[in-house]
Amino acid sequence: MQRKYPNLSKPIKIGNVNFRNRMFSAPMGGTDITADCTIGPKTTAFYELRAKGGAGAVTVSEVVVHPETEGSHMFHLDLKTVGSLSSFTYTADAIRRHGAIASVELSHSGQYAGTYLTDKDKKQGLSQWGPSATVRPDGLEVKELTQELIDDIVASYGKCAEIAKRAGFEMIMVHGGHGWLVNQFLSPYFNHRTDKYGGPLENRVRFAQEVLASVREAVGPGFPIEFRMSGSELFDGGYDLDEGIKIAKLLEPQIDLLHVSAGTYQRGFSVTHPSMFRPHGSNVYLAAEIKKHVSVPVATVGGLNDPDMMEEIIASGKADVVEMARALLADHELPKKVVTNKDEDILHCMRCFVCMAERAVTSTRRCSINPYIGREIEGMEIQPAPVKRKVLIAGGGPAGLKAALTAAQRGHEVVLCEKSDQLGGILVGEQAIPFKYEMYKLGVTLGKLVKDAGVEIRLNTEVTKEYAENENADALIIAVGSEPLLPAIPGLDGKNVIVVNDYHLHADKVADEVVVLGGGLAGSEAAIHLAREGKKVHLVEMRAELAPDANIRHRPILLKEIEDQGIEVLTEYRGLCVTEDGVVCSDKNGQEQLVPGKTVICALGQKSRRNIVDELIDCATVVSQVGDCVKVADITQAIYQGHHAAMDV
């Protein structure tokens, strides 16, 4: 077979272990961590899904090696806790039986212990330890590790590695980046010691060397050790790329794979995990430069999801392995689709941070476009329906498309009607905003998958009561979505007003000075795009804060981008009327103010199309409502509800 992506698909030998391809599943925290910090069955299934999707390696994240000085509620691996060894063994089995290599990440958060606790108040009761005594920005005291504690922590890395090997894991990753303990020793920002672990780089790297030596002694020769480091800390006071190269060269003799990431978790979340506002592969340059100076294989990571880009990375010698986390949540079969030349079927990660926000808020996982994530144990296969039905779906947005795809995969006869001339619903409007283009692309790809699955697609077809009754379907799934909320503001229907959903149709008509009326998620992102286009942007919001509908991971990054782009933010401003010169608003003191702009972008929200739902509610024996027509929400709810409505038919 001629592989479209021969370099990504090519096996690689690391240590004495052969990996089936160059696409690895980077560490991702689990879901149901037990009270004893063992791996729950949902987490085992969570990692198994990545293996089943074709990844070359799947890394379990994170194992706290020394709970005595790191009280975070993350995985522990020891022989004294009932269920610890067995939970890891079952997980390694689940990964390996699908052909992937099972790896486990050994970690210690150092002075950031408690980061992953859902109850953040519990951090106050933890002992925070680091290379040097200090006080964290949040006021927590950090104690300096003694030599005795350092020795104990170093030994614990080896003990955990030995047990992981016993459990069936075939690679160990040592987490030495992102501001965690090993990185804290490497960093001149965190490390102010005056003993053999501080000062010059040769001293600051000593702790990492001791950790790696401990792991090597435990696992033996030939057993692959992957070291994850930040190629540069990317902030003033941290080490830069030049020093990152020196660190890599000093650690190279003790490792088999060098995994180059970027930044620190605490001082650059959107850098370490590149947000939608950053280019894909924005951190690859770090791995590429370090690779020039070392002989061990190098892995790169960070916002990678495009096979063409990843193939070029390997082919050009920038890295030997590409690692993905979010991309393999969005489509766990991405590696399998790459290897089998089905790259057009890949559902691309939108970098919306729903996955990370969900873990912080509910201690679970969820993905906007993959309803299996965090719920894999409920079944990772779509089983054929015992009785084949005719299913009519009203609406070709994300909810309707997902419902149609799942229903067709179950063997039903599916008819999908969309009243406009193209599929995608509200996603269609995202095509003109570069950093949201993957949202538009989601609709395109789902449309292709639906067509390939044999769904009959009828465009320019509105499902009315009469139409539905004539179709005489066994089941009707109503996915008619929402429509823009247009309050009775004088002038809002003027020629200088563009509804944000329709921006892609009128992008060339936007003047140099713009008022974005509505500072929710859609309006805020539109404002950022327009500012990047060189427009002078005024962002008007009647509430006291912007984008309360954004998730807790995306929102701080969004607000920082608004600040960096120099957008004028006017909160507690209520629009009174639109004129050809801008929007007249009432400020929080009740005073009228003209916010200038020759173009007004209306982003005042959406409202459910309940009138259509009410008309169709009795048009089949089984009727389901999904997506925005139930309640205006997000892609996550639309996809999840659409999938399960089809599963229930």
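**View 1. Glu-289 and Lys-292 meet in a salt bridge.** At 26% relative accessibility, Glu-289 counts as partly exposed, whereas Lys-292 is exposed, with a relative accessible area of 64%. Here buried means under 20% relative accessible area, exposed means over 50%, and partly exposed lies in between (1.4 Å probe, protein chains only). The two side chains come to 3.1 Å, N to O; a salt bridge is a side-chain nitrogen of Lys or Arg within 4 Å of a carboxyl oxygen of Asp or Glu. Searching the whole structure gives 32 salt bridges.

A quick note before the other views: this is a predicted model, in which local features need pLDDT of at least 70 and side-chain atom pairs count only at pLDDT 80 or more, while totals for chains, interfaces and linings use all residues. Residues are numbered from 1 along each chain as its sequence is written, and side-chain values use heavy atoms, with hydrogens and water left out.

**View 2. Glu-170 forms a salt bridge with Arg-96.** The closest N and O atoms of this pair are 2.5 Å apart. Glu-170 sits in the loop between H4 and strand E9 (171-176), and Arg-96 in helix H3 (residues 84-96), so the pair ties together parts that are 74 residues apart in sequence. Helices (H or I, at least four residues) and strands (E, at least two) are DSSP runs, numbered from the N terminus. Both partners are partly exposed: Glu-170 at 24% relative accessibility and Arg-96 at 37%.

**View 3. Lys-390, Glu-456, Arg-458 and Glu-471 are linked in a network of salt bridges.** Glu-471 counts as buried, at 16% relative accessibility.

**View 4. Helix H19 (residues 521-532) is largely enclosed by the rest of the structure, because nine of its 12 residues are buried.** Among the buried residues are Gly-523, Glu-525, Ile-528, His-529 and Leu-530. The buried residues of H19 pack against several elements, including helix H18 (503-506), strand E21 (536-541) and helix H20 (554-564); contact means heavy atoms within 4.5 Å. At 1.5 Å a residue, H19 should span 16 Å, and its end C-alpha atoms are 17 Å apart, which agrees; the expected span is 1.5 Å times one less than the number of residues. After H19 comes Gly-534, whose phi is positive, near 95 degrees.

**View 5. The largest nonpolar core holds 163 residues.** Such a core is a set of buried Ala, Val, Leu, Ile, Met, Phe, Trp, Tyr and Cys residues joined through side-chain atoms within 4.5 Å. Leu-106, Ile-172, Phe-207, Phe-227 and Leu-258 touch the most other members, and helix H4 (residues 147-167) gives the most to this core, with nine residues. Leu-106 touches Val-63, Tyr-157, Ile-172 and Val-215, among others, not counting residues up to four places away in sequence. A second, separate core of 16 residues includes Cys-417 and Ile-612.

**View 6. The largest cavity has about 100 Å³ of space.** Of the 14 residues that line this cavity, the closest to its centre are Cys-349, Cys-352, Cys-355, Cys-367 and Ser-368. Helix H12 (326-330) and helix H14 (354-362) are the elements that give two or more residues to the lining, and H12 has the largest share, three residues. On a 1 Å grid over the protein atoms alone, a cavity is a set of points where a 1.4 Å probe fits but cannot get out, and lining residues have an atom within 4 Å of a point.

Terms used. 1 Å grid on protein atoms, 1.4 Å probe; cavity = no way out; pocket = protein on both sides within 12 Å on 5 of 7 lines; lining within 4 Å. Points joined across faces, edges and corners; volume = space filled by probe spheres on them.
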